[in-house]
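Subject: Structure handover

Hello,

Here is the structure you are taking over. Please open it beside this message; the notes on what was found follow below.

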Amino acid sequence: MDLMGNKLNISEIFYSIQGESSYAGFPCVFIRLSGCNLRCNYCDAQYTWESGEAMDIDQILSIVNTYPCDLVEVTGGEPLFQEHCSELLEKLVQYGKTVLLESNGSVSLEDIPDEVIAIIDVKCPDSGSGNSFYSKNLELIRKRIQKKQNSCELKYVLSSRSDYLFAKSFIIKNSLMHDLPNHFSPVEKILSAQTLAEWMLKDALPVRLQLQLHTILWPDITRGV
Ligand code: SF4
């Protein structure tokens with residue numbers, strides 16, 4: 001039984017600076033959906049594991065439209081875990097927004113509209129959520145970028161040297177080096193950005209070092225940024 005009707009469970013909607021992906025640095029409206037099927041040990045959004053506020057798509061859009069911004073990211077938690085996420089993405093596209101979706105990589109990307117830019121995690125072994133990548137997503141990602149260049153990006157959050165080696169081998173094994181952006185992001189206080197940069201330079205790896213901009217801008221704020 002669908003207890004939510006056609007509503008989505010929302011953790012928060014806010015306006016901030018995009019901290020990750022190729023869109024880092026741009027002002028962006030974030031729609032954060034509640035609920036996640038994974039339990040990463042570095043999770044900085046554990047509050048999304050609790051239920052949020054039920055809202056229908058019109059309510060969500062009316063809040064989004066209060067902000068002077070056409071870049072919108074749907075994130076979580078794991079947004080695709082909610083039944084009506086694709087409808088929300090579709091509506092945002094229809095309203096002329098540039099729509100980013102952040103997903104943890106464990107759920108199928110099949111139903112997301114072609115216009116959406118999907119930023120997909122590949123969880124590494126030391127995250128506590130290793131082996132969660134939904135392998136059929138690789139084929140879906142290839143189809144999406146054939147249809148529309150730059151419609152997918154991959155993100156690897158790294159805690160250790162072994163995570164780095166895993167991410168490097170995932171990219172090489174799946175020939176992902178040149179077809180889409182691959183972002184390597186160190187877990188704060190666990191792996192230094194400098195160490196990660198040195199590994200990347202030594203291997204001449206054409207991936208992007210990504211530092212979470214919002215945590216640099218607002219180090220003491222954990223929600224709404
Ligand atoms: S997938 Fe994201 S929201 Fe879910 S536990 Fe991992 S870091 Fe947290």
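Which residue in β8 is the bridge partner of Leu158? It is Pro186. Before going further, some ground rules. The model is a predicted one, in which local features need pLDDT of at least 70 and side-chain atom pairs count only at pLDDT 80 or more, while totals for chains, interfaces and linings use all residues. Residue numbers start from 1 along each chain, as its sequence is written. Helices (H or I, at least four residues) and strands (E, at least two) are DSSP runs, numbered from the N terminus.

The sheet

The model has an open sheet of 9 strands in the order β3-β1-β2-β4-β5-β6-β7-β8-β9, with mixed pairing. The strands at its edges are β3 and β9, each of which pairs on one side only. Two strands are said to pair if DSSP finds at least two bridges between them. In general, the strands of a sheet pair through backbone hydrogen bonds, in either the parallel or the antiparallel sense.

At one end, strand β1 (residues 8-17) runs antiparallel to strand β3 (residues 53-55), and 3 bridges join them. Here Leu8 is opposite Met55 of β3. Strand β1 is also antiparallel to strand β2 (residues 27-33), this time through 7 bridges. In that pairing Ile13 faces Ile31 of β2.

At the other end, strand β7 (residues 152-158) pairs with β8 in the parallel sense over 5 bridges. The chain gets from β7 to β8 through α4, in a right-handed β-α-β crossover. Right-handed is used as follows: with the strands pointing away from the viewer, the path from the first strand over the helix to the second runs clockwise. Strand β8 is in turn parallel to strand β9 (residues 208-209), with 2 bridges between them. The crossover from β8 through helix α5 (residues 193-203) to β9 is right-handed too. Across this pairing His183 is opposite Arg208, and Phe184 has Leu209 as its bridge partner.

Burial and the core

A residue counts as buried if 20 or more other C-beta atoms lie within 10 Å of its own, exposed if 12 or fewer do, and partly exposed in between, with C-beta atoms placed from the backbone. By this rule, 5 of the 5 residues in strand β8 (residues 182-186) are buried. Both of its faces are covered, with Asn182, Phe184 and Pro186 on one side and His183 and Ser185 on the other.

The largest nonpolar core has 43 residues, and Leu89, Val99, Leu101, Ala118 and Leu158 touch the most other members. Such a core is a set of buried Ala, Val, Leu, Ile, Met, Phe, Trp, Tyr and Cys residues joined through C-beta atoms within 7 Å. Leaving aside neighbours within four places in sequence, the contacts of Leu158 include Cys124, Tyr164, Phe184, Pro186 and Leu196; a contact is a pair of residues whose C-beta atoms, placed from the backbone, lie within 7 Å.

Leu165 sits in helix α4 (residues 161-173). Leu165 is partly exposed because it has 15 C-beta neighbours inside 10 Å.

The ligand

Around the ligand are Cys36, Leu38, Arg39, Cys40, Cys43, Ala45, Thr48, Gly76, Gly77, Glu78, Asn104 and Ser129.

Backbone points to check

Most residues other than glycine have a negative phi, and most peptide bonds are trans. The peptide bond from Gly76 to Gly77 is cis, with omega near 10°. Gly77 is in the loop between β4 (71-75) and α2 (85-94).

Ser21, in the loop between β1 and β2, has a positive phi near 75°. Ser21 is buried because 20 other C-beta atoms lie within 10 Å. Asn150, in the loop between α3 (136-147) and β7, also has a positive phi, of about 65°. Asn150 counts as exposed because it has 11 C-beta neighbours inside 10 Å.

Regards

Definitions and conventions
Near = placed C-beta within 6 Å. Contact = placed C-beta atoms within 7 Å.
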